[in-house]
Amino acid sequence: MEIDKAIRESGDRRLKTKYEHAIYVIQRALALYSIEEVAFSFNGGKDSTVLLHLLRAGYFLYKREQSCSNEGLKDFPIRTIYFESPSAFPEINSFTYDAASIYGLQLDIIRTDFKSGLEALLKAKPIRAIFLGVRIGDPTAVGQEQFSPSSPGWPSFMRVNPILDWSYRDVWAFILTCKVRYCTLYDKGYTSVGSIYDTVPNALLRITASSNNKETFRPAYLLSDGRSERAGRAKKFSPSVCGSFSAGSNGPDSIDLRKNSMRTASAIAVGDEILFGTIEDQLGPSLCRKLHSIGWSVSQTTVVRNDVDSVADEVERQKSTNDMVFIYGGVGPLHSDVTSLGVAKAFGVRLAPDEEFEEYLRHLLGDQCTGDKNEMALLPEGITELLHHEKLDVPLIKCQNVIILTATNVMELDKEWECLIELTGSSGLLVLMEPYILKCLTTQLSDLETAQPLSKLCLEFPDLYIGCYRKSRYGPLVISFKGEDQARIESAIEALSKKFHPGAFSEIN
């Protein structure tokens, strides 16, 4: 079989692993269901094209094992479902019918809406399982596994997803290695094909306009960053979700920081354990001190549950009112690690496989980087920038003005912060400002004695933050003065001291 031979002779170890896993899923399905009980949903796109040839190879290998024969594949008996839409590209329809003729596909064409057409087909045919070209990151892939029952409200069948864990790179590696035909739209800069109303060539593949001013594009397989696969698909965002992200842009966007002299940041901790009181959040206070050391003001720190909607709501609130948002906790392969998905939802984008990040994880985890751990390589699509530093095992993740920290303790946070500051020197990641000046006074005066003079002092010096606290109920009152101008702080301290008898206040470090 030419497909199996091409993969076996390939030097792409990653592709071989993906292929073997997909073939296993296909053969498992063929062992569970008779050939009359399975079907294949084909839409003419690159993913279903890959699945078509995987099914051909899988069926050939399965039959060879059953009959111990090495004869070639003469037919493809798996029923093929094609939804013919009036909004489909003519090239998609043409490619589909050509493929049906070349490979002997038994097409069941649905011209109504997909759901009702599928209901009618399943009533007429004994279909129990349908092979789908769904990949993680597709809008319909949420919550799916290699074998997943159909969603509530749909006719009952088993969804079989052999290429669920394949990336954009894997898809094109297979197509090019096996030298199979694909829709000609992909040679014209289309990287993800939907309807004629919501699909345009990917701007990242645009070739500089020639003398005749005609736009041309490179082929889809030359897209270097799979995170931007769907950049040619129209997206609709509400203004509250969009922030500074433009639907027409591709890849990471730069953030237009506010032009005033102050930079504000906020910190979000993700963790039920903090809310339960099981552990104490030490990263938040440390992060606040680090931000103050570069002259940034911290507007708030919050703790949210390990819940996608909780994370998304908090990120959406804070990213629109702060220059930068730092989020930590909830990063990893566990069911409670929902930070990346929450950030993606806050920006109105999906998670998609990031091959570059997955390579870092594979280098770090070795053979353990399998199964659910691949989910750690799913990052918000189109807005993710990886922050590389030689001291970091894996890059930090920046999604517009949200930075996802992976630190689990103060020592790790110190390391990540040091790398961020060094990266700032070369890329302007953070605006480094003069650090805040802090001076503290201590006094044995009561709160009642100091309340009114301090209130008036705040009005006299609105540019300073003047705070008060006691470390214990009967301990001395500590008055803090924080600002950017030391002379103003000294003036405020002098003005306060004049309101009381000499020696009422002592300066502390």
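**A pocket and a buried strand**

The second largest pocket comes out at a volume of about 1300 Å³. A pocket here is an open set of points on a 1 Å grid over the protein atoms alone, with protein on both sides within 12 Å along at least five of seven lines, and lining residues have an atom within 4 Å of a point. Its volume is the space filled by probe spheres set on those points, which are joined across faces, edges and corners. Of the 39 lining residues, Ser-41, Asn-43, Val-134, Thr-140 and Val-193 are the closest to the centre of the second largest pocket. The model is predicted, so local features need pLDDT of at least 70 and side-chain atom pairs 80 or more, while totals for chains, interfaces and linings use all residues. Residues are numbered from 1 along each chain, and side-chain values use heavy atoms, without hydrogens and water.

As for make-up, the lining splits into 16 nonpolar, 15 polar (Gly among them) and 8 charged residues (Asp, Glu, Lys and Arg). At least two lining residues come from each of α3 (46–67), β2 (79–83) and α5 (114–124), and α3 gives the most, with 3. Helices (H or I, at least four residues) and strands (E, at least two) are DSSP runs.

Elsewhere, strand β19 (residues 477–483) is largely enclosed by the rest of the structure, because 6 of its 7 residues are buried (under 20% relative accessible area, 1.4 Å probe, protein chains only). Strands pair if DSSP finds at least two bridges between them. β17 (residues 437–443) runs antiparallel to β19, joined by 7 bridges, with Leu-441 opposite Ile-479. β18 (residues 465–470) is also antiparallel to β19, through 6 bridges, and Tyr-469 stands opposite Val-478. β18 and β19 make a hairpin with 6 residues between them.

How values were computed: On a 1 Å grid over the protein atoms alone, a cavity is a set of points where a 1.4 Å probe fits but cannot get out, and a pocket is an open set with protein on both sides within 12 Å along at least five of seven lines; lining residues have an atom within 4 Å of a point. Buried means under 20% relative accessible area, exposed over 50%, partly exposed in between (1.4 Å probe, protein chains only).
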